[in-house]
Amino acid sequence: MIATFNLVMNSTIQSFICPHLLALKAYSSARSEFKGKADVFLDANENTIQTQYNRYPDPLQGVLKNKIASLAGRQASELFLGNGSDEAIDLLLRLFCVSGQDAIITMPPTYGMYAVSAQIANVQNIQIPLDENFQPQVDKVLAAQTTNTKLLFICSPNNPTGNNIQVEYIEALIEGFDGIVVIDEAYIHFSEQASCLQYLDRYEHVVILQTFSKAWGLAGLRLGMAWGSASLIEWINKIKAPYNINTCTQETALQVLEQPKRLTKDVQTILQERTQLKTTLANFPIVQKVHPSAANFLLFEVTNADELYQYLTEKGIVIRNRSRVYGCANCLRVTIGTSSEQARLLEALEVYATQVV
Ligand SMILES: *Cc1c(COP(=O)(O)O)cnc(C)c1O
(Lines give C-alpha, C1' and ligand atoms only; values in the text may rest on other atoms or scores of the structure.)
Protein backbone atom coordinates (compact mmCIF):
# COMPACT_ATOMS: atom_id res chain seq x y z
CA MET A 1 0.00 0.00 0.00
CA ILE A 2 2.61 2.50 1.12
CA ALA A 3 5.00 1.37 -1.62
CA THR A 4 2.42 2.10 -4.33
CA PHE A 5 1.75 5.50 -2.81
CA ASN A 6 5.46 6.35 -2.70
CA LEU A 7 5.91 5.28 -6.28
CA VAL A 8 3.20 7.64 -7.45
CA MET A 9 4.60 10.51 -5.39
CA ASN A 10 8.16 9.83 -6.59
CA SER A 11 7.18 10.61 -10.13
CA THR A 12 5.35 13.66 -8.77
CA ILE A 13 8.56 15.04 -7.22
CA GLN A 14 10.34 14.45 -10.50
CA SER A 15 7.61 16.35 -12.35
CA PHE A 16 8.18 19.46 -10.19
CA ILE A 17 11.96 19.61 -10.78
CA CYS A 18 13.11 22.32 -13.22
CA PRO A 19 13.28 20.58 -16.63
CA HIS A 20 16.79 21.94 -17.34
CA LEU A 21 18.08 20.13 -14.21
CA LEU A 22 16.71 16.68 -15.05
CA ALA A 23 19.81 15.76 -17.06
CA LEU A 24 22.28 17.42 -14.64
CA LYS A 25 25.40 15.44 -13.96
CA ALA A 26 26.40 16.66 -10.50
CA TYR A 27 29.99 17.67 -9.73
CA SER A 28 31.84 14.71 -8.32
CA SER A 29 34.31 15.77 -5.63
CA ALA A 30 37.70 14.08 -5.13
CA ARG A 31 36.64 12.30 -1.93
CA SER A 32 33.22 11.17 -3.11
CA GLU A 33 34.50 9.06 -6.06
CA PHE A 34 36.78 6.88 -3.94
CA LYS A 35 34.96 4.23 -1.90
CA GLY A 36 37.81 1.89 -0.75
CA LYS A 37 40.29 2.01 2.13
CA ALA A 38 43.40 4.22 1.93
CA ASP A 39 45.79 6.21 4.08
CA VAL A 40 47.58 8.34 1.49
CA PHE A 41 45.38 11.08 0.03
CA LEU A 42 46.99 12.99 -2.83
CA ASP A 43 43.83 13.49 -4.83
CA ALA A 44 42.55 16.95 -3.92
CA ASN A 45 45.53 19.35 -4.27
CA GLU A 46 45.50 20.12 -0.55
CA ASN A 47 48.59 21.31 1.36
CA THR A 48 49.49 18.07 3.13
CA ILE A 49 52.23 19.70 5.24
CA GLN A 50 49.61 21.34 7.46
CA THR A 51 47.53 19.30 9.88
CA GLN A 52 44.56 21.49 10.84
CA TYR A 53 41.78 22.44 8.40
CA ASN A 54 44.11 21.53 5.51
CA ARG A 55 41.72 18.84 4.22
CA TYR A 56 38.41 19.38 2.47
CA PRO A 57 35.40 18.59 4.66
CA ASP A 58 33.08 15.62 4.12
CA PRO A 59 30.85 16.86 1.26
CA LEU A 60 27.77 15.04 2.63
CA GLN A 61 28.55 15.49 6.37
CA GLY A 62 27.99 11.79 7.12
CA VAL A 63 28.96 11.71 10.80
CA LEU A 64 27.05 14.87 11.70
CA LYS A 65 23.94 13.84 9.75
CA ASN A 66 23.88 10.41 11.43
CA LYS A 67 24.01 12.09 14.82
CA ILE A 68 21.25 14.62 14.04
CA ALA A 69 19.05 11.99 12.39
CA SER A 70 19.34 9.55 15.29
CA LEU A 71 18.43 12.28 17.79
CA ALA A 72 15.39 13.16 15.64
CA GLY A 73 14.42 9.51 15.07
CA ARG A 74 14.78 9.91 11.29
CA GLN A 75 17.09 8.67 8.53
CA ALA A 76 20.23 10.60 7.54
CA SER A 77 19.10 10.19 3.89
CA GLU A 78 16.12 12.45 4.73
CA LEU A 79 18.40 15.31 5.83
CA PHE A 80 20.12 18.13 3.95
CA LEU A 81 22.52 20.43 5.81
CA GLY A 82 22.99 23.97 4.59
CA ASN A 83 24.95 27.11 5.36
CA GLY A 84 21.97 28.23 7.46
CA SER A 85 18.44 27.27 6.46
CA ASP A 86 18.65 30.29 4.17
CA GLU A 87 20.80 28.13 1.87
CA ALA A 88 18.05 25.51 1.77
CA ILE A 89 15.46 28.18 0.83
CA ASP A 90 17.68 29.34 -2.03
CA LEU A 91 18.35 25.80 -3.27
CA LEU A 92 14.65 24.83 -3.14
CA LEU A 93 13.87 27.82 -5.34
CA ARG A 94 16.58 26.90 -7.82
CA LEU A 95 15.55 23.23 -7.84
CA PHE A 96 11.82 23.70 -8.43
CA CYS A 97 11.23 27.15 -9.95
CA VAL A 98 12.10 28.05 -13.53
CA SER A 99 13.38 31.62 -13.62
CA GLY A 100 10.96 34.04 -15.27
CA GLN A 101 8.21 31.44 -15.40
CA ASP A 102 7.36 29.79 -12.07
CA ALA A 103 6.02 31.19 -8.79
CA ILE A 104 5.97 30.61 -5.04
CA ILE A 105 3.15 31.35 -2.59
CA THR A 106 3.90 33.11 0.70
CA MET A 107 1.56 34.31 3.45
CA PRO A 108 2.59 37.73 4.81
CA PRO A 109 3.42 38.90 7.38
CA THR A 110 6.17 36.27 7.35
CA TYR A 111 9.92 35.69 7.12
CA GLY A 112 11.45 38.06 4.58
CA MET A 113 13.92 35.65 2.97
CA TYR A 114 11.27 33.77 0.96
CA ALA A 115 10.48 36.95 -0.98
CA VAL A 116 14.13 38.02 -1.30
CA SER A 117 15.30 34.60 -2.52
CA ALA A 118 12.40 34.50 -5.00
CA GLN A 119 13.29 37.91 -6.37
CA ILE A 120 16.96 36.94 -6.75
CA ALA A 121 15.88 33.80 -8.62
CA ASN A 122 13.50 35.86 -10.81
CA VAL A 123 10.54 33.87 -9.48
CA GLN A 124 7.14 35.47 -8.85
CA ASN A 125 6.00 35.69 -5.23
CA ILE A 126 2.22 35.36 -4.93
CA GLN A 127 1.21 36.77 -1.55
CA ILE A 128 -1.95 35.54 0.17
CA PRO A 129 -2.00 37.36 3.52
CA LEU A 130 -2.67 35.65 6.83
CA ASP A 131 -6.04 36.57 8.37
CA GLU A 132 -6.56 38.89 11.38
CA ASN A 133 -5.51 36.06 13.73
CA PHE A 134 -2.37 35.50 11.65
CA GLN A 135 -3.75 32.16 10.36
CA PRO A 136 -3.73 31.05 6.68
CA GLN A 137 -6.71 31.74 4.42
CA VAL A 138 -6.59 28.16 3.16
CA ASP A 139 -9.24 28.50 0.43
CA LYS A 140 -7.60 31.61 -1.01
CA VAL A 141 -4.15 29.99 -0.98
CA LEU A 142 -5.40 26.88 -2.76
CA ALA A 143 -7.40 28.99 -5.22
CA ALA A 144 -4.21 30.91 -6.11
CA GLN A 145 -2.53 27.73 -7.38
CA THR A 146 -1.57 27.46 -11.04
CA THR A 147 0.61 24.97 -12.90
CA ASN A 148 3.48 27.37 -12.14
CA THR A 149 3.13 27.64 -8.34
CA LYS A 150 5.84 25.19 -7.29
CA LEU A 151 6.49 26.09 -3.64
CA LEU A 152 4.25 27.09 -0.72
CA PHE A 153 6.02 28.50 2.36
CA ILE A 154 4.42 28.00 5.80
CA CYS A 155 6.32 29.45 8.76
CA SER A 156 5.31 27.95 12.13
CA PRO A 157 5.86 29.44 14.65
CA ASN A 158 5.66 32.42 12.32
CA ASN A 159 8.19 35.24 12.19
CA PRO A 160 7.53 38.15 12.94
CA THR A 161 4.12 37.41 14.52
CA GLY A 162 5.30 34.61 16.86
CA ASN A 163 2.17 32.43 16.67
CA ASN A 164 1.83 28.79 15.70
CA ILE A 165 0.02 28.00 12.48
CA GLN A 166 -2.84 25.70 13.51
CA VAL A 167 -2.32 22.04 12.65
CA GLU A 168 -5.64 21.71 10.78
CA TYR A 169 -4.64 24.53 8.42
CA ILE A 170 -1.19 23.04 7.85
CA GLU A 171 -2.79 19.69 7.00
CA ALA A 172 -5.37 21.27 4.69
CA LEU A 173 -2.60 23.11 2.83
CA ILE A 174 -0.48 19.95 2.52
CA GLU A 175 -3.50 17.97 1.26
CA GLY A 176 -4.60 20.62 -1.19
CA PHE A 177 -1.36 22.04 -2.59
CA ASP A 178 -0.12 20.51 -5.83
CA GLY A 179 3.55 21.41 -5.39
CA ILE A 180 6.16 21.35 -2.63
CA VAL A 181 5.02 22.54 0.82
CA VAL A 182 7.91 24.02 2.83
CA ILE A 183 7.28 24.26 6.59
CA ASP A 184 9.81 26.52 8.29
CA GLU A 185 10.27 25.44 11.92
CA ALA A 186 13.11 27.77 12.90
CA TYR A 187 11.38 28.41 16.26
CA ILE A 188 9.84 24.97 16.88
CA HIS A 189 11.78 24.34 20.11
CA PHE A 190 10.01 27.25 21.79
CA SER A 191 6.57 26.00 20.81
CA GLU A 192 4.22 23.59 22.56
CA GLN A 193 2.93 22.48 19.17
CA ALA A 194 4.59 19.31 17.83
CA SER A 195 7.02 19.45 14.93
CA CYS A 196 5.69 18.55 11.48
CA LEU A 197 8.56 16.05 10.92
CA GLN A 198 6.08 13.17 11.22
CA TYR A 199 4.42 14.30 7.96
CA LEU A 200 7.47 12.96 6.13
CA ASP A 201 6.05 9.48 6.74
CA ARG A 202 2.89 10.38 4.84
CA TYR A 203 3.84 12.96 2.23
CA GLU A 204 6.72 13.13 -0.22
CA HIS A 205 6.00 16.73 -1.21
CA VAL A 206 6.71 18.17 2.27
CA VAL A 207 10.00 19.81 3.31
CA ILE A 208 10.68 20.82 6.93
CA LEU A 209 13.25 23.53 7.64
CA GLN A 210 14.98 23.69 11.02
CA THR A 211 18.09 25.52 12.18
CA PHE A 212 20.87 25.63 14.74
CA SER A 213 20.61 29.44 14.77
CA LYS A 214 17.84 29.91 17.34
CA ALA A 215 17.24 27.47 20.27
CA TRP A 216 20.61 25.74 19.74
CA GLY A 217 22.30 29.14 20.08
CA LEU A 218 24.68 28.67 17.13
CA ALA A 219 23.69 31.44 14.69
CA GLY A 220 27.37 32.20 14.08
CA LEU A 221 28.14 28.66 12.89
CA ARG A 222 25.67 28.91 9.97
CA LEU A 223 24.05 25.48 10.04
CA GLY A 224 20.52 24.81 8.88
CA MET A 225 18.52 21.67 8.11
CA ALA A 226 16.04 20.65 5.45
CA TRP A 227 14.17 17.38 6.04
CA GLY A 228 12.41 15.68 3.16
CA SER A 229 11.91 12.40 1.34
CA ALA A 230 15.21 10.72 0.44
CA SER A 231 14.55 11.29 -3.27
CA LEU A 232 13.93 15.01 -2.78
CA ILE A 233 17.03 15.37 -0.55
CA GLU A 234 19.09 13.60 -3.20
CA TRP A 235 18.02 16.28 -5.66
CA ILE A 236 19.06 19.12 -3.32
CA ASN A 237 22.44 17.42 -2.83
CA LYS A 238 22.90 17.32 -6.60
CA ILE A 239 22.70 21.11 -6.95
CA LYS A 240 24.48 22.23 -3.76
CA ALA A 241 28.07 23.50 -3.65
CA PRO A 242 30.31 20.43 -3.04
CA TYR A 243 31.75 21.48 0.34
CA ASN A 244 28.95 23.70 1.67
CA ILE A 245 29.48 22.92 5.39
CA ASN A 246 33.00 23.66 6.62
CA THR A 247 35.02 21.40 8.94
CA CYS A 248 34.85 23.79 11.88
CA THR A 249 31.05 23.93 11.73
CA GLN A 250 30.72 20.14 11.42
CA GLU A 251 33.02 19.54 14.41
CA THR A 252 31.48 22.20 16.64
CA ALA A 253 27.90 21.09 15.92
CA LEU A 254 28.85 17.50 16.82
CA GLN A 255 30.30 18.65 20.14
CA VAL A 256 27.17 20.67 21.00
CA LEU A 257 24.90 17.75 20.09
CA GLU A 258 26.72 15.74 22.75
CA GLN A 259 25.14 18.07 25.34
CA PRO A 260 21.40 17.86 24.62
CA LYS A 261 20.61 19.28 28.10
CA ARG A 262 22.04 22.61 26.98
CA LEU A 263 19.12 23.06 24.57
CA THR A 264 16.36 22.11 27.01
CA LYS A 265 17.87 24.28 29.74
CA ASP A 266 18.22 27.33 27.48
CA VAL A 267 14.68 26.92 26.14
CA GLN A 268 13.32 26.71 29.67
CA THR A 269 15.17 29.90 30.70
CA ILE A 270 14.05 31.78 27.59
CA LEU A 271 10.41 30.73 28.07
CA GLN A 272 10.46 31.96 31.68
CA GLU A 273 11.91 35.30 30.55
CA ARG A 274 9.28 35.49 27.79
CA THR A 275 6.41 35.09 30.26
CA GLN A 276 7.85 37.77 32.51
CA LEU A 277 8.59 40.23 29.70
CA LYS A 278 5.11 39.74 28.26
CA THR A 279 3.44 40.64 31.56
CA THR A 280 5.69 43.64 32.16
CA LEU A 281 5.27 44.99 28.61
CA ALA A 282 1.49 44.64 28.76
CA ASN A 283 1.40 46.91 31.83
CA PHE A 284 2.80 49.92 29.96
CA PRO A 285 -0.01 52.28 28.87
CA ILE A 286 1.87 52.93 25.59
CA VAL A 287 1.67 49.19 24.79
CA GLN A 288 -1.64 48.49 23.00
CA LYS A 289 -1.15 44.77 22.58
CA VAL A 290 1.42 42.02 23.14
CA HIS A 291 0.79 39.28 20.59
CA PRO A 292 0.80 35.64 21.79
CA SER A 293 4.19 34.03 21.16
CA ALA A 294 5.36 30.46 20.63
CA ALA A 295 8.87 31.69 19.78
CA ASN A 296 11.85 33.43 21.44
CA PHE A 297 10.55 36.91 20.65
CA LEU A 298 7.50 39.08 21.27
CA LEU A 299 5.64 41.22 18.75
CA PHE A 300 3.97 44.16 20.47
CA GLU A 301 1.95 47.12 19.30
CA VAL A 302 2.58 50.61 20.65
CA THR A 303 1.14 54.07 20.10
CA ASN A 304 4.10 55.23 17.99
CA ALA A 305 6.49 52.48 16.89
CA ASP A 306 8.87 54.71 14.91
CA GLU A 307 9.32 57.09 17.81
CA LEU A 308 9.93 54.36 20.40
CA TYR A 309 12.27 52.48 18.07
CA GLN A 310 14.29 55.67 17.55
CA TYR A 311 14.34 56.38 21.27
CA LEU A 312 15.65 52.90 22.10
CA THR A 313 18.42 53.05 19.47
CA GLU A 314 19.58 56.32 21.02
CA LYS A 315 19.86 54.44 24.33
CA GLY A 316 21.97 51.78 22.59
CA ILE A 317 19.16 49.20 22.47
CA VAL A 318 18.31 47.69 19.10
CA ILE A 319 15.01 45.89 18.54
CA ARG A 320 13.21 45.23 15.25
CA ASN A 321 10.84 47.81 13.83
CA ARG A 322 8.19 45.81 11.95
CA SER A 323 5.69 48.68 11.70
CA ARG A 324 5.92 48.85 7.91
CA VAL A 325 5.29 45.12 7.48
CA TYR A 326 1.83 44.07 6.23
CA GLY A 327 -0.60 43.58 9.16
CA CYS A 328 1.92 44.87 11.74
CA ALA A 329 1.18 48.61 11.94
CA ASN A 330 2.93 50.20 14.95
CA CYS A 331 4.47 46.84 15.89
CA LEU A 332 7.94 46.20 17.26
CA ARG A 333 9.59 42.81 17.64
CA VAL A 334 11.90 42.14 20.56
CA THR A 335 14.06 39.06 21.10
CA ILE A 336 13.98 37.52 24.59
CA GLY A 337 17.36 38.50 26.02
CA THR A 338 19.17 37.78 29.27
CA SER A 339 17.64 39.22 32.45
CA SER A 340 20.16 42.08 32.43
CA GLU A 341 19.35 42.91 28.80
CA GLN A 342 15.66 42.75 29.68
CA ALA A 343 16.28 45.12 32.62
CA ARG A 344 18.05 47.63 30.33
CA LEU A 345 15.11 47.55 27.93
CA LEU A 346 12.49 48.00 30.64
CA GLU A 347 14.45 50.80 32.29
CA ALA A 348 14.55 52.70 29.00
CA LEU A 349 10.85 52.01 28.38
CA GLU A 350 9.92 53.43 31.76
CA VAL A 351 11.77 56.68 31.11
CA TYR A 352 10.21 56.90 27.63
CA ALA A 353 6.69 56.23 29.00
CA THR A 354 6.92 59.09 31.52
CA GLN A 355 8.10 61.44 28.74
CA VAL A 356 5.22 60.48 26.44
CA VAL A 357 2.48 61.04 29.02
C1 LIG B 1 16.03 32.94 11.85
C2 LIG B 1 15.18 32.25 10.85
C3 LIG B 1 15.68 31.27 10.02
C4 LIG B 1 17.09 30.81 10.21
O5 LIG B 1 17.93 31.11 9.21
P6 LIG B 1 19.41 30.50 9.29
O7 LIG B 1 19.87 30.77 7.91
O8 LIG B 1 19.29 29.04 9.59
O9 LIG B 1 20.15 31.24 10.35
C10 LIG B 1 14.85 30.62 9.13
N11 LIG B 1 13.54 30.91 9.09
C12 LIG B 1 13.01 31.83 9.90
C13 LIG B 1 11.56 32.07 9.88
C14 LIG B 1 13.81 32.53 10.79
O15 LIG B 1 13.26 33.48 11.57
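Asparagine 321 touches Ala305, Asp306, Tyr309, Cys331 and Leu332, leaving aside residues up to four places away in sequence; a contact here means heavy atoms within 4.5 Å. What you are looking at is a predicted model, in which local features need pLDDT of at least 70 and side-chain atom pairs count only at pLDDT 80 or more, while totals for chains, interfaces and linings use all residues. Residues are numbered from 1 along each chain as its sequence is written, and side-chain values use heavy atoms, with hydrogens and water left out.

Let's stay with asparagine 321 for a moment. Its relative accessible area is 19%, so asparagine 321 is buried. The scale behind that word is simple: buried means under 20% relative accessible area, exposed means over 50%, and partly exposed lies in between (1.4 Å probe, protein chains only). The side chain of asparagine 321 makes a polar contact of 2.9 Å with the side chain of aspartate 306 and another, of 2.6 Å, with the side chain of serine 323. A polar contact is a pair of N or O atoms within 3.5 Å; within protein, one must be able to donate a hydrogen and the other to accept it, and residues adjacent in sequence count only if both atoms are side-chain atoms.

Asparagine 321 lies in strand S10, which leads us to a sheet. Helices (H or I, at least four residues) and strands (E, at least two) are DSSP runs, numbered from the N terminus. Here 4 strands form an open sheet in the order S8-S9-S11-S10, with antiparallel pairing. Strand S8 (287-290) and strand S10 (320-321) stand at the edges, each with a single partner strand, so one side of each has no neighbour in the sheet. Two strands pair if DSSP finds at least two bridges between them. Strand S9 (residues 297-302) and strand S11 (residues 331-335) run antiparallel and are joined by 5 bridges, with phenylalanine 300 opposite leucine 332 in S11.

Which other strands can we follow? Strand S6 (residues 206-211) has 6 of its 6 residues buried, so this strand is largely enclosed by the rest of the structure. Val206, Ile208 and Gln210 point one way from S6, while Val207, Leu209 and Thr211 point the other way. Strand S5 (residues 180-184) pairs with S6 in the parallel sense over 4 bridges, and isoleucine 183 stands opposite isoleucine 208 in S6. S6 is also joined by 4 bridges to strand S7 (residues 224-227), this time antiparallel. S7 in turn is linked to S1 by 4 bridges, and these two strands run antiparallel; glycine 82 stands opposite glycine 224 in S7.

Now for a helix. An α-helix has 3.6 residues a turn, so residues three or four places apart point the same way. The buried residues of helix H9 (residues 247-257) are Thr249, Gln250, Ala253, Val256 and Leu257. Seen down the axis of H9, these fall within an arc of 135 degrees, so they line one face of the helix; the arc is that of the directions from the helix axis to the C-beta atoms. They pack against helix H3 (62-72) and helix H10 (260-282).

What about the nonpolar interior? A nonpolar core is a set of buried Ala, Val, Leu, Ile, Met, Phe, Trp, Tyr and Cys residues joined through side-chain atoms within 4.5 Å. The largest has 50 residues, of which Ile68, Ile154, Ile183 and Trp227 touch the most other members. Apart from it lies another core of 33 residues, among them Cys18, Leu93, Ile180 and Val207.

How many disulfides are there? Taking a disulfide as a pair of cysteine sulfur atoms within 2.5 Å, the count is 0. For cysteine 18, the nearest cysteine sulfur is that of cysteine 97, 6.5 Å away. For cysteine 331, the nearest is that of cysteine 328, at 5.2 Å.

Finally, some backbone details. Most residues other than glycine have a negative phi, and most peptide bonds are trans. A cis peptide bond joins proline 108 and proline 109, with omega about 0 degrees, and proline 109 lies in the loop between strand S2 (103-106) and helix H5 (113-120). Asparagine 45 has a positive phi, near 55 degrees, and with 79% relative accessibility asparagine 45 counts as exposed.
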